[in-house]
Amino acid sequence: MREAKKVNEAWYAVQVMTGKETEVRAKLEKLKLATMLPVQQMPERHGGTWVMKPRMALPGYIFAEAAMTPECYYAIKAVPGVLRLLGTDGPEAIPTEQLAIIALLTYEENLIEVRGGRAALGQVLSEAGARIVSADMRQRRAKVEIRLLDGSHTATLGIPIDGEQRQPQEREG
C-alpha cells in the first residue's frame, strides 16, 4: 500500500475485534502501513505481589497511517478482524491534537500521578483535555475519557505507587 513518496497520508482509527488487536496490527503492517497500538503497563496482583503486565489502553482500536484511496480502504476492510474505520461519513483522519494523545498512550508511561492519596492526570494528559472518569486505588487503575474524532472513548491506565518497581517481573515457580 505504501508508495515511495507519502502523498496525503494521515492517521485513521480502525475498530477491530477485541482481543485481535495484535493479529490485525501484524496484517496491516504486512500491507506496509505504519500502525500504533496503545499498550500500557497495568499492575496486577499475582501470588501476593504486584507485577506489571502489558494491557491494551484502548481495547478494540488500532491506529494506521495511510493515504486513504479506495484501494487502501478496501484492503484494510478485507483484513480479518477489522470491523470498521471510524468517521461520520466514511474514514475520517484523526486531528493532530488527538493524535498526540494516542501517541502518549502508545509510547509513554506514568500518565497518571498520585497526589494526596488520589489519582490525578499527569500534566500532559490534562493539557490535552482528557479527564479521569473513575479511579480504583485498590486495583491501581484509572479510567480516562479521551476525545477521538467526534466521540469520547475510555482508556484504562495503571496507577503507579511510589517506591515500587515499574518493570514487569518474572514469576518464580
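Which residues of the largest nonpolar core touch the most other members? Before I answer, please keep in mind that this is a predicted model, in which local features need pLDDT of at least 70 and side-chain atom pairs count only at pLDDT 80 or more, while totals for chains, interfaces and linings use all residues. Residues are numbered from 1 along each chain as its sequence is written, and side-chain values use heavy atoms, with hydrogens and water left out.

The residues in question are Leu58, Phe63, Leu105, Leu125, Ile146 and Leu157, out of 27 in that core; by nonpolar core I mean a set of buried Ala, Val, Leu, Ile, Met, Phe, Trp, Tyr and Cys residues joined through side-chain atoms within 4.5 Å, where buried is under 20% relative accessible area, exposed over 50% and partly exposed in between, with a 1.4 Å probe and protein chains only. At least two core residues come from each of β1 (10–16), β5 (61–66), α3 (96–107), β10 (141–148) and β11 (151–158), these elements being DSSP runs, helices (H or I) of at least four residues and strands (E) of at least two, numbered from the N terminus. With five residues, α3 gives the most.

Turning to the sheet, β9, β10 and β11 form an open, antiparallel arrangement in that order, pairing being at least two DSSP bridges between two strands. The edge strands are β9 (131–136) and β11, each pairing on one side only. Between β10 and β11 there are eight bridges, and Arg141 stands opposite Gly158 in β11.
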